[in-house]
Amino acid sequence: MVAISISLLRQYIYYSPNNHHCCYINMMPDMSLSTSSSLPFLLSSSLLPPPLSMQCMRSSHRSSIFLPTLLFLLLGFQALAVASIRVDVIRKPVSTFPAFREAPAFRNGDECPQPSLSPSARIDIAMTLDANYLRGTMAAILSILQHTACPESVVFHFLTTHLEQNIITSIRSTFPYLNYHVYRFDSGRVRGRISRSIRQALDQPLNYARIYLADILPLDVGRVIYLDSDVIVADDIRTLWQVDLKNHVVAAPEYCHTNFSKYFTDAFWADAELSKTFNGRRPCYFNTGVMVMDVKGWREGGYTKMVEDWMMVQKHKRIYHLGSLPPFLLVLAGNIKPVDHRWNQHGLGGDNWEGRCRSLHPGPISLLHWSGKGKPWLRLDSRRPCAVDYLWAPYDLYQSSSPTLEE
């Protein structure tokens, strides 16, 4: 057998779904050919990436030269070979990025004003985009569109630390009709202000992006609903959108029966100067994963700086352990517009340490929230789901990226 090693056309071909043609980039590593079999390997996926087709190759003048050149090289290799030829191709690692089914198209009901004719009728929703929580984000989007009478009036604003093409492509292919915008959040804005909390997920810079909504969103966004990625909306989001904020900058379900003191350390309560921050108001817990925010009022009131100032106090004195929540409470607890509890059935992910199963609270439910350590998609995949996780499952658009016989 004759072993031939060559540097094979360092130009790597890929298919561009947007432009419907082949492109060339100088990114292909050297490939070793220990001479192979016959021509058919040229047409196999070992050399050409799966999205590439022969039709695509013919669409480019350069590719029309590329194919005969390879054929010529292969015929030359075969003439030199004294035995059968085997091809060893160095492949790029297979991507494990999740694949999702395409969601149905949702259209406005007759009672909905057309967004193009009545921009004031739109509903702005902000969420973060992160590969680790993308499955939850997809389910949340589907639940919002499915349960509102005016889905075409909903505009999504996604914040992400990295503009990853895989994530953007997933959103576009799963929801082809979605009205959305993507913004890059500069993690450097909080990197020096984040202190270690009780759970690593709470320390990620993107978890703090909600503080900067007024700085990131366009000026024509006067109000926004911020939602975490681990929620399912089971009611018309317009009801939450229409809450009367009055003179408040934030509206959210408020929980005054909880032990508010547990959200801060003993060092905080022992410091007379710090603890007096709550003088003159009745501080109550609220969950920042579901909020209606007056973006303009937040910006004009300088609330971003107020939250940042408390984050710097935390860096020096360790006055709390729960990531981005406590500084919100320090600034706003006791001074928000209360919303019906049905709009945040929170804590379904269990506690922040073990994520143990929890049952639903009594009463009507408009929004389910898997706050806490346990996430429904992870528990379902591990085949150890909690009972409440079956309420999330119908909105899961995830599908295995592994090919099956049916495909």
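In helix H4 (residues 165–174), the buried positions are Ile167, Ile168, Ser170, Ile171 and Thr174, where buried means under 20% relative accessible area, exposed over 50% and partly exposed in between (1.4 Å probe, protein chains only). Viewed down the axis of H4, these buried residues fall within an arc of 160°, so they line one face of the helix; the arc is that of the directions from the helix axis to the C-beta atoms. The cover over the buried residues of H4 includes E5, H3, E7 and strand E8 (180–184), with contact taken as heavy atoms within 4.5 Å. Helices (H or I, at least four residues) and strands (E, at least two) are DSSP runs, numbered from the N terminus.

The model is a predicted one, in which local features need pLDDT of at least 70 and side-chain atom pairs count only at pLDDT 80 or more, while totals for chains, interfaces and linings use all residues. Residues are numbered from 1 along each chain as its sequence is written, and side-chain values use heavy atoms, with hydrogens and water left out.

Helix H3, one of the elements covering H4, has 14 residues. From its first C-alpha to its last, H3 reaches 20 Å, close to the 20 Å expected at 1.5 Å a residue; the expected span is 1.5 Å times one less than the number of residues in the helix. Twelve of the 14 residues of H3 are buried, so the helix is largely enclosed by the rest of the structure. Among them are Leu134, Gly136, Met138, Ile141, Leu142, Ile144 and Leu145, and the buried set also includes Arg135, Thr137 and Ser143.

Arg135 brings the description to the charged pairs. The structure holds 15 salt bridges, each a side-chain nitrogen of Lys or Arg within 4 Å of a carboxyl oxygen of Asp or Glu. In one of these, the side chains of Arg135 and Asp396 meet at 2.8 Å, N to O. This pair links distant parts of the chain, with Arg135 in helix H3 and Asp396 in the loop between H13 and E16, 261 residues apart. Both ends are enclosed: Asp396 counts as buried at 13% relative accessibility, and Arg135 counts as buried at 11%.

Lys246 pairs with Asp244, the closest N and O atoms being 3.5 Å apart; here Lys246 counts as exposed at 60% relative accessibility, and Asp244 as partly exposed at 46%. Glu354 forms a salt bridge with Arg356, with 2.5 Å between the closest N and O atoms, and Arg356 counts as exposed at 54% relative accessibility.

Turning to covalent links, the structure holds three disulfides, a disulfide being a pair of cysteine sulfur atoms within 2.5 Å. One joins Cys112 to Cys150, with an S to S distance of 1.9 Å. The torsion about this S-S bond is about -90°, so the disulfide of Cys112 and Cys150 is left-handed. Cys112 lies in the loop between strand E5 (99–100) and strand E6 (123–128), and Cys150 in the loop between helix H3 (134–147) and strand E7 (154–160), so the pair ties together parts that are 38 residues apart in sequence. Cys112 and Cys150 are both buried.

A further disulfide is formed by Cys256 and Cys284, whose sulfur atoms are 1.9 Å apart. Its S-S torsion is about 105°, so the link between Cys256 and Cys284 is right-handed. Cys256 sits in the loop between strand E11 (250–255) and helix H8 (266–270), and Cys284 in the loop between helix H9 (272–275) and strand E12 (285–286), so the pair ties together parts that are 28 residues apart in sequence. Cys256 is partly exposed, with a relative accessible area of 30%, whereas Cys284 counts as buried at 2%.

The disulfide of Cys357 and Cys386 has its sulfur atoms 1.9 Å apart. With -85° about the S-S bond, this link is left-handed. Cys357, in the loop between strand E14 (337–339) and strand E15 (367–369), is joined to Cys386, in the loop between helix H13 (376–381) and strand E16 (398–399), so that distant parts of the chain, 29 residues apart, are linked. Cys357 counts as exposed at 51% relative accessibility, whereas Cys386 is buried, with a relative accessible area of 2%.
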